[in-house]
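Trainee: I would like to learn how to read a fold and its aromatic pairs. Can we work through one example together?

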Amino acid sequence: MKYYLLEPFAKDLSVEKNPPLSEKGIRMARVFALTMKGISIDYCYTDTSIASFGTALLLVGDKVIVNKVDALDKELEENVTSFVEEINNKYKEGKILIIAEKSVLSIINKYTDAIFIS
């Protein structure tokens, strides 16, 4: 199993609570999607933020179901490690894209052989 870890792209800072992607973030995601064309993602997980979910939709489109996961919302190591264990038990092979804040991705990175895309 291979993990790909990615932060959401640029957020619209004019929105205070749970901001979506900005125009720049949307452009960045579209360009990055071209870079990822050679990587076939099997599973996709995000935290519950609009920006992370929007980033995922722009990257995997309708090819993969994007799953929002509460455990990825906070950098509580026990929640994040439980999520990683659950994923490891659920899937024995495949490529997983996880989009969340950097602090959460850092925890996942400690427990997996992840590729941290920044």
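Trainee: How does Y43 count by relative accessibility?

Mentor: Buried means under 20% relative accessible area, exposed means over 50%, and partly exposed lies in between, with a 1.4 Å probe and protein chains only. Y43 has 25% relative accessibility, so Y43 counts as partly exposed. One caution first. This is a predicted model, where local features need pLDDT of at least 70, side-chain atom pairs count only at pLDDT 80 or more, and totals for chains, interfaces and linings use all residues. Residues are numbered from 1 along each chain as its sequence is written, and side-chain values use heavy atoms, with hydrogens and water left out.

Trainee: How many aromatic pairs does the structure hold?

Mentor: A pair of aromatic rings is described by the distance of the centres and the angle of the planes. Rings of Phe, Tyr and Trp (its six-membered ring) pair if their centres lie within 6.5 Å; planes under 30 degrees apart count as stacked, over 60 as edge-to-face and the rest as tilted. The structure holds three such pairs. One of them is Y43 with Y91: the centres are 3.7 Å apart and the planes stand at 20°, so this pair is stacked.

Trainee: Which parts does the pair of Y43 and Y91 tie together?

Mentor: Helices (H or I, at least four residues) and strands (E, at least two) are DSSP runs, numbered from the N terminus. Y43 sits in strand 2, and Y91 in the loop between helix 3 (77-90) and strand 4, so the pair ties together parts 48 residues apart in sequence. Y91 is buried, at 12% relative accessible area.

Trainee: What is the geometry of the pair formed by Y45 and F83?

Mentor: Edge-to-face, with 5.4 Å centre to centre and 75° between the planes. Y45 belongs to strand 2 and F83 to helix 3, 38 residues apart, and the pair links these distant parts of the chain. Y45 is buried at 6% relative accessible area. F83 is buried too, at 4%.

Trainee: In what order do the strands of the sheet come?

Mentor: Strands of a sheet pair through backbone hydrogen bonds, either parallel or antiparallel. Two strands count as paired if DSSP finds at least two bridges between them. Here five strands form an open sheet, ordered 3-2-4-1-5, with parallel pairing. Strand 3 (66-68) and strand 5 (115-117) are the edges, each pairing on one side only. Neighbouring strands are turned by 20° against each other on average, direction ignored. Axes are lines fitted to C-alpha atoms, for helices over the stretch in contact, and angles run from 0 to 180 degrees between N-to-C directions.

Trainee: How many bridges join strand 2 to strand 4?

Mentor: Four, between residues 43-46 and residues 95-99. T46 stands opposite I99 in strand 4. Helix 2 (residues 50-60) packs on the sheet and touches strand 1 (2-6), strand 2, strand 3 and strand 4. Its direction makes about 145° with that of strand 4. Contact means heavy atoms within 4.5 Å.

Trainee: What pattern does the protein chain follow along the sequence?

Mentor: The pattern is β-α-β-α-β-α-β-α-β, from four helices and five strands. Buried residues make up 42% of the 118 residues. Of the contacts with a separation of 6 or more, 69% join residues 24 or more positions apart.

Trainee: Which residues does T81 touch?

Mentor: I107 and Y111, not counting residues up to four places away in sequence. T81 is in helix 3 and counts as buried, at 15% relative accessibility.
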